[in-house]
Structures are given as C-alpha cells and as structure tokens.
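The following report walks through one protein chain for someone meeting it for the first time. Please keep the sequence and the three-dimensional view open while reading.

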Amino acid sequence: MENITVIGSGTMGNGIAHLFAQYGYQVALADINQQALDKAIQTITANFDRQIKKGTADETTKQKALGNITTFTDLQQAVKGAQLVIEAATENSEIKLDLFKQLSELCADDTILASNTSSISITKIASVTKNPGNVIGMHFMNPVPVMKLVEVIRGYTTTDAVTATIMQLAEKLDKVPVEVNDYPGFVANRILMPMINEAIYTLYEGVAGVYEIDTVMKLGMAHPMGPLQLADFIGLDVCLAILNVLHAGFGNPKYAPCPLLVNMVTAGHKGIKTGEGFYKYTAGSKELIVAPKFA
C-alpha cells in the first residue's frame with residue numbers, strides 16, 4: 001500500500017496526513033476549499049518544527065514528508081489511484097453517509113474505505129456503499145503523530161482480510177492497533193464520554209469548581225489532564241455529538257448529555273477551538289485560566 005487519500009483537513013485530517021507522509025506514503029489531502037488545505041499544510045509544517053525541536057524528527061524528514069502531500073479540492077481527483085481512503089470529516093452522520101456513497105462510486109472496487117469516526121456506526125456507513133466488506137473504522141487519537149492508539153472498528157460485514165490489512169498498516173506506522181466491534185461509542189468513547197459528562201454534572205450541580213474537579217482526577221487518578229480540560233481539548237461540540245450517539249444507540253438515560261454542556265455548545269463555547277470552554281485560552285499562553293463563567 002503506497003497511495004493514501006485523507007478527506008478532511010481539520011485537526012484529525014491534517015494529523016493523519018502528517019503521519020502517513022512522515023512514514024513515506026504518498027498522501028492526497030482533500031477538502032472543500034483551498035484555504036482550509038493551505039491552513040492544514042501550515043499546521044503540519046509547524047508540528048514538524050515542534051518535532052524537530054524535541055529531537056523526534058529532522059529537517060530532511062520534514063521536507064520529504066511535506067513533499068509526499070498533495071492537496072485537492074476535487075474529490076474525484078483526490079481518490080484517483082487510492083488504495084486506502086480515510087475519512088476525517090465532521091462528526092455528522094448525514095455528511096459521512098453522503099461522502100461514503102460518493103466514495104463507493106468514485107473508488108476502485110478493492111479500495112479500502114476507512115472512517116476516523118469516534119462514535120458513528122461503521123455498519124451504517126458501510127450500508128450505503130457497494131462493497132461494505134471493504135469499510136472499516138480507523139479511529140486515531142489526537143494529536144495523531146503522538147498518540148499510540150488506533151481503535152480499529154469492524155463493521156458487521158467488514159472482512160477478515162481488510163481488518164488484518166488495517167491492523168498491519170497501523171503497526172507499520174508505529175501505532176498500537178486494538179480491534180473492537182461496532183457498537184455505539186466503540187470502546188474509547190463509550191468509557192470516556194460518560195466520565196466527562198459526569199464531571200460536567202459535578203460542576204453543574206455545584207459539587208466543586210472546574211479547577212477542583214480536574215485536580216482531583218489528575219492527582220488522585222493519575223490522569224494527564226482533568227476531564228473538563230480534556231473536553232475542551234476534544235471540543236465540547238464533539239463531546240455533545242458523541243453523547244447524543246450513545247444516548248440514541250443505547251436508549252439509556254445515563255448517556256444523556258448534561259444540560260450545561262448543551263447550553264455551552266449552543267452559546268458557541270466549544271473549548272480550545274473557540275477560545276473558551278471550561279477554561280479560557282489565549283494565543284501563545286500555556287497557563288490554564290478558568291473561564292469567567294465558572295471563576
């Protein structure tokens with residue numbers, strides 16, 4: 001496998017493109033507008049510069065990797081000759097289903113179609129394609145070049161051969177693939193999101209403040225960051241979308257998103273991406289400041 005197409009140039013998409021390009025794959029990075037693609041290349045370049053400072057990459061690796069990435073706004077051109085297409089678009093079921101319908105028509109019959117979805121059913125996505133056995137979940141963690149885990153999700157009809165190929169590919173990228181079955185939230189988010197939601201409820205009910213909740217989990221449970229900071233990092237809108245998938249999929253009220261989370265997303269406070277969530281974020285500053293609403 002040499003030719004990879006990544007669809008979506010946001011945080012996850014540019015991270016996936018960065019990873020494959022660094023390991024010598026030819027990467028077609030596709031998005032709906034060139035401005036988003038230009039921003040993605042800038043981000044990848046900046047992330048390589050951080051790796052160079054840390055001693056985990058050098059300038060030669062960076063230049064070779066950037067040379068391995070070609071950007072496209074035309075989907076048909078982007079997937080031409082692709083052996084693997086990885087979708088990293090918005091976590092929205094309708095968008096993903098429409099995209100996979102198009103991919104099924106545009107790609108060769110033996111192309112593996114993977115989704116980086118963090119919660120949406122791979123079986124449902126596969127059902128709109130011509131070859132559902134070739135559809136699989138390849139859920140990377142953020143930041144992609146750093147985090148070791150790849151959650152490999154088998155849809156109901158995903159073949160053994162496709163699963164084995166993706167497991168082996170993840171290992172070639174120096175990742176640790178873990179195979180899971182296709183149920184709402186898979187493993188990572190089925191466990192993580194209720195914890196984040198409970199932390200938000202703990203704040204909502206006045207048990208403790210933002211700093212106190214995160215400190216308890218960091219120092220008491222050895223988590224690298226507290227659940228409220230992690231929610232900001234993931235994106236509160238993404239957390240809400242995943243909780244809604246869990247709630248709809250299982251029908252259990254324990255997955256219902258906290259009203260505070262719903263209100264924050266509605267108000268446009270989505271975490272780091274908007275500059276404010278449970279914490280307030282200032283460009284260039286690494287200091288964590290509790291957002292005025294909760295201070």
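Which residues does Met-138 touch, not counting residues up to four places away in sequence? With contact meaning heavy atoms within 4.5 Å, Met-138 touches Phe-20, Ile-86, Ala-114, Ser-115, Asn-116, Val-150, Glu-151, Ile-166 and Leu-169.

This is a predicted model, in which local features need pLDDT of at least 70 and side-chain atom pairs count only at pLDDT 80 or more, while totals for chains, interfaces and linings use all residues. Residues are numbered from 1 along each chain as its sequence is written, and side-chain values use heavy atoms, with hydrogens and water left out.

Helices (H or I, at least four residues) and strands (E, at least two) are DSSP runs, numbered from the N terminus. Met-138 lies in strand β6, residues 135-140, and counts as buried at 0% relative accessibility, where buried means under 20% relative accessible area, exposed over 50%, and partly exposed in between, with a 1.4 Å probe and protein chains only. One of its contacts, Glu-151, is 13 residues from Met-138 in sequence, yet their C-alpha atoms are 6.0 Å apart in space.

Two annotated regions come from UniProt, whose positions are given in the numbering used here, with feature names shortened and annotations that may be inferred rather than shown by experiment. An unreviewed entry places "domain: 3-hydroxyacyl-CoA dehydrogenase NAD binding" at residues 3-182, and over this stretch the chain is 43% helix and 22% strand, with the end C-alpha atoms 27 Å apart. For "domain: 3-hydroxyacyl-CoA dehydrogenase C-terminal", also from an unreviewed entry, UniProt lists residues 185-281, where the chain is 62% helix and 2% strand and the end C-alpha atoms are 28 Å apart.

Ser-118 is found in the loop between β5 (112-115) and α6 (122-126) and counts as buried at 9% relative accessibility. Leaving aside residues up to four places away in sequence, Ser-118 touches Glu-91, His-139, Gly-185, Phe-186, Asn-189 and Ile-242.

The buried residues of helix α10 (residues 227-234) are Pro-227, Leu-228, Gln-229, Ala-231 and Asp-232, and they pack against α8 (188-204), α9 (210-221), α11 (236-250) and β9 (279-280). Just after α10, Gly-235 takes a positive phi of about 115°.

Charged pairs come next. A salt bridge is a side-chain nitrogen of Lys or Arg within 4 Å of a carboxyl oxygen of Asp or Glu, and by this rule the count comes to eight. Among them are the following pairs.

| Salt bridge | Closest N to O |
|---|---|
| Glu-59 and Lys-62 | 3.8 Å |
| Glu-91 and Lys-96 | 3.7 Å |

Asp-49, Glu-59 and Lys-62 are linked in a network of salt bridges. Within it, Lys-62 is buried at 8% relative accessibility, whereas Asp-49 is partly exposed at 31% and Glu-59 is partly exposed at 41%. Because Glu-59 and Lys-62 are three residues apart in helix α3, they are separated by about one helical turn. In the other tabulated pair, both Glu-91 and Lys-96 are buried.

Cys-239 counts as buried at 0% relative accessibility, and Cys-258 counts as buried at 0% relative accessibility.
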